[in-house]
Amino acid sequence: MNSTITPIDTKTTCYHCGNECRDEDIFEDEKHFCCSGCLTVYDILKDNNLCGYYDLNQNAGVSLKSKNFNGKFDYLEEKLIQDELLAFKNESIAKVILYVPSIHCSSCVWLLENFPKIKLGVITSRLNFVKKELSIDFDPNLVSLKEIVELMATLGYEPKINLDSIQKPKIIDSETKHLLYKIGVTGFCAGNIMMMSFPEYFNLNSNSDISLQRFFLYFNFLLALPVFFYGASDYLKGAYYSITENLKKNSDVLSVDIPIALGITALFTRSLYETFVTHTAGYWDSMAGLVLFLLLGKWVQQVTFNYLSFDRSYKSYFPLAVKVKNQSVQYKNVNDLKKGEEFIIHHQELIPADAILKEGNALIDYSFVTGEAKPVKKLKGEVIFAGGRQVADSIELMVQKPVSTSYLTQLWNNESFLKEKTIPTTELANAFSKYFTYITISIAVLVGIYWHFNNPALLWPAVTAVLMVACPCALTLSLPFTMNTTMSIFGKNKFFVKNQGVIQILAEVDTIVFDKTGTLTEGNKGKVRFEGSINKDEEKLIYSVVNQSVHPMSKMVAEYLAPNLAYKVTDFEEVKGKGVAAVVEGKNIKLGRLDFVKNEPTIQVDSEVHIMINNVYKGFFTVEPQFRSNWKELLEKLKKTFDIKLLSGDTNKVQKVLSPIFGENMQFEQTPQQKLDYIKGIQNDGKKVLMIGDGLNDAGALREAKVGIALTEDIQAFSPSCDAILDANNFEKLGKYVVFSKTALNVVKASFLLSLVYNFLCISWASTGLLSPVFAAVVMPLSTISVVLFAVGSTWIIAKRRKLL
C-alpha cells in the first residue's frame, strides 16, 4: 500500500465518509482519506472487489476517526453471553440478529448484504432496512461472533448490543394476526362474490339458465357467511357490548360499532330474504366490500411507524455484560450480578447497578440521569448510582443493589411507567357516534310507519335500505386515514408519533414544558471563549494537541481554533477525566482541569479547559451552552398560545438568559422523580401538558405528560419512553406540528360533514323503497372511497401549502 500523509490547509473531503480532511490528508489511488480507519475500510472493500459500494452513493461510509475497538467486545467470547444473543446454534451454523443504527443509505444495504464476501465463515446476511436489523447466519467453526461484530465496527457499522438485545424477537401479536386473517378471508370472499355477481351487474341473467342463476346466488350466500360471522365479528360484538353496557347504566356513550353493525346486519338479512324467498340478487357484494374496507382501515391504523421504539426501559441503555472479578467466568450478564460481587467499569462505560467504589479514580457523568453536565468525583467507599457513565480510567466496584432494585430501575417501576396511557376518543367522535345511531334508527322507524299505512309491500325494503346505506364511514375511516396521513407527513419532517391518538391529544394541549440541556441547548456544542493571553503560534500549539483528543470539550476548542495548521505532536498522553499532556515543536503543553494543569489542589469551575505552556499558565477556554437556532422565535410564538415552563436538572447558570421568556416558570436542579411529580401536579390542576426532553432524566416526566416528545440527534439511537420522537434539526418546526395537529382534526370534521351530505341523499333515496342492489353495490364503496380520498387529499394539500412537504 503506497500512501502518503501530509498536513493540509485547504478543504479536502474524505472519499469514504465525506468529512473534511482537517487534520491530515491520506492519499491513495488518487483518493483522499481523513484517517487511517477510513483508508482501512477502503482497502478491505477493494481487496474483496466491493468498491461498487461507492458507486451507489458518494461518501457513503461512516467516519472511523479515533475508533478503537481493542477489547471492547471481549465479553462476546463468553459462552453464556453468546447463548443469550444467538437466535439459533448447532455444530455447523449459528444465527444472530443485530441492531445497526448507523445504516442510512442503499450503499449500507449493499455492503452488509455482501458481508459473506468479506468474512470467511459468514453464510448469509440479510438486512431489514426499516428496522435496521441485520440477520446473519455463520459457521461458528470458522468465525466467532466477536470477530463478526469487530469487523462490522471496523467498517463503521457497529451493532448496538445492550441488555435489551437478549429479549426474544418480537412476533406479531395475536390481535394483529387475527386481523390479518380476517382481511385475508374477507378479501378472498369479497373478490369471489363480486366475480360471481358480474352477470347481475351487466344484466346477463335473463339469457342464462335458471339453475345457473340459483347456483351463483347460493354460492354468494356461502361466501358471505364467513364475512358476516368472522370478518365482521368485532363490530357485531362491539355493538352488543355497547348496548348491554348502556342498558346496565354503566355507560351513556353509544359505540360507533352500533351503526356499523346495524348496516352490516341489514345487508345480511335483506340479502338472505332476497336470495331464498324472491330468488333475486341480494347485497352480498356490498356487505363484503364494506367489511373489507373497515378491516383495511383498522389495519393501516395499527401498522404505521411500528419500526420506531417509543416504549423503552432501563434495558435499552444498560450494557449486556460487565467484566467481573474472582469469578469462574470473565464476563457476566448484568442481570445476574448479586450483592457483594465485584466488577470492572472501563472508560465511557455505563454503570448498570448501584455500587460502592473499591478502587480507581471515579469521575462520574450523571448527565444521562440528572441532566447536570458536570462530572462528579467519587472517593473510595462512596456509593455510585446506576446510570452514571465513568469518564476517567477503569474503576473497580462492588454491587450494593442488583440491577432489578437499583435507583434507576426504581424510577421505571414508578406507576407512570407501569400504567398504559389511555388515548381517549375525541368528544366530537363520541357525539357523532351517539347522534348518528339515534338519528338512523329514528329515520328507519319513521319510514317503516309511513309505508305501513301507505304501501305495506315497501315497508321491509325501505327500512332495510335505510339501515344499509346509512354509513358512519366518516368516523370509522376518515379519522384513522387522516391521522395516519398526518403521521406520514410528520415522518417526512422527522417527527415520528406513536399512534393517531397522540395527534388528537397534541391538538388539545394548553401547556408546554421544556427541558433545557439537550433540548433548548445543543448537547455537544457550546460557545467557546478564551480568558487570558496567547499569540498565534501558541494557538497552533494548542490546536495541535486538542485536535488529537476525543474529549467533547477538546473537540469544541479545536473547532473554535480551526482552521489552523497542525504541528507534529509527540509524547501525547491523555489522562482520562483530567486532561492532556504533550510535546509540540519541543514545547511542553498541558491542558485540561485546573488541578491537573497546575498540579495542585484547586477548586474547578465547570466547563473550563486550562492551558499551561512550558510551565507558564496562559489562561483558560470556557464553554457556554449553545442554544438551538431560532429557539427564541419559537418560544415567543408558542408563548402567545400556550403556557410555557422550564424544567431542568442542570444548575441555574443561564437563568438570566431564559427569564425574559419563561419569567418565574422555571425549575432547576430537578431530579427525575421531581420532574415526574411536577408534571403530575400541574396536570392534576387541569392542565393538558406537552413535555419535551432528551435524556433519561426526562423519561418519567415524558411518560407522565399527556404527550411526551423526545428530542434526539439520531431518531434510531437513544430516546426515552415517549409518545413522539423529534429530530433535533427540526426543533424549530415544533409549533408547526402542534398547529397542524389541530388542522388534521378540522379535516376530520369536514369529512363528517361530507358524510352527512352523502347520508342525507342516500337515505332519502332509500326511504322510497326503490333502492336497487346494483345501485347499493356501486354507491356504497364509492361513498367510502370519496370520504377517504377527501380526508387524505385535503391533509396533503394543506401540508404542502404550509411547506411541510
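**Starting from a buried ring**

So, F514 is buried, with a relative accessible area of 0%. Before I go on, remember that this is a predicted model.

What does F514 pair with? There are 21 aromatic pairs in the structure, and in one of them the rings of F514 and F662 have their centres 6.3 Å apart. Their planes are at 70°, so we call that pair edge-to-face. F514 sits in strand 18 and F662 in helix 25, residues 655-662, so the pair ties together parts that are 148 residues apart in sequence. And F662 counts as buried too, at 3% relative accessibility.

Which sheet does strand 18 belong to? That's an open sheet of seven strands, in the order 17-29-28-27-18-25-26, and the pairing is mixed. At the edges you have strand 17, 495-497, and strand 26, 666-667, each pairing on one side only. As a reminder, strands of a sheet pair through backbone hydrogen bonds, either parallel or antiparallel.

Now zoom in on strand 18, residues 511-514, next to strand 25, residues 643-647: those two pair in the parallel sense, over four bridges. If you want a landmark there, V513 stands opposite K645 in strand 25. Packed on this sheet is helix 26, residues 672-684. What does helix 26 touch? Strand 18, strand 25, strand 26 and strand 27, the last one being 689-693. The direction of helix 26 makes about 160° with that of strand 25.

E669 has a positive phi of about 55°, and it is not a glycine. Most residues other than glycine have a negative phi. E585 is another one with a positive phi of about 55° that is not a glycine. Where is E585? In the loop between strand 21, 579-584, and strand 22, 587-592. Is E585 buried or exposed? Exposed, at 52% relative accessibility.

Let me pick out a few.

K687 forms a salt bridge with D643, with the closest N and O atoms 3.9 Å apart. This pair links distant parts of the chain: K687 is in the loop between helix 26 and strand 27, D643 is in strand 25, and they're 44 residues apart. K687 counts as partly exposed at 32% relative accessibility, and D643 is partly exposed as well, at 25%.

Then there's D537 with K587, a side-chain salt bridge at 3.7 Å, N to O. Here D537 is in helix 21, residues 536-546, and K587 is in strand 22, 50 residues apart. D537 counts as partly exposed at 33% relative accessibility, and K587 is partly exposed with a relative accessible area of 29%.

D137 lies in strand 7, residues 133-138, and K95 in strand 5, residues 94-99, so the pair ties together parts that are 42 residues apart in sequence. What about burial? D137 is buried, with a relative accessible area of 15%, whereas K95 counts as partly exposed at 31%. There's also a network of salt bridges linking D74, E77 and K146.

Ring pairs link Y218, F221, F228, F229, F268, F276 and W284 into a cluster. And a couple of lysines sit over tyrosines: the charged end of K182 is over the ring of Y230, 5.8 Å from its centre, and K598 lies over the face of Y617, at 4.7 Å from the ring centre.

Three strands make it up, in the order 13-12-15, and the pairing is antiparallel. The edge strands are strand 13, 376-378, and strand 15, 389-390, each pairing on one side only. Strand 12, residues 362-365, is joined to strand 13 by three bridges. Who is the bridge partner of L363 in strand 13? K377.

That's my tour. Happy to go back to any of it.

Note on methods
Residues numbered from 1 in each chain as written. Predicted model: local features only at pLDDT ≥ 70, side-chain atom pairs only at ≥ 80, totals over all residues. Heavy atoms only, no water. Pairing = 2+ DSSP bridges. Contact = heavy atoms within 4.5 Å. Axes fitted to C-alpha atoms, helices over the stretch in contact; angles between N-to-C directions. Buried < 20%, exposed > 50% of the residue type's maximum accessible area, 1.4 Å probe, protein only. Salt bridge = Lys/Arg side-chain N within 4 Å of Asp/Glu carboxyl O. Phe/Tyr/Trp six-rings, centres within 6.5 Å; stacked < 30°, edge-to-face > 60°. Lys NZ or Arg CZ within 6 Å of the ring centre and 35° of its normal.
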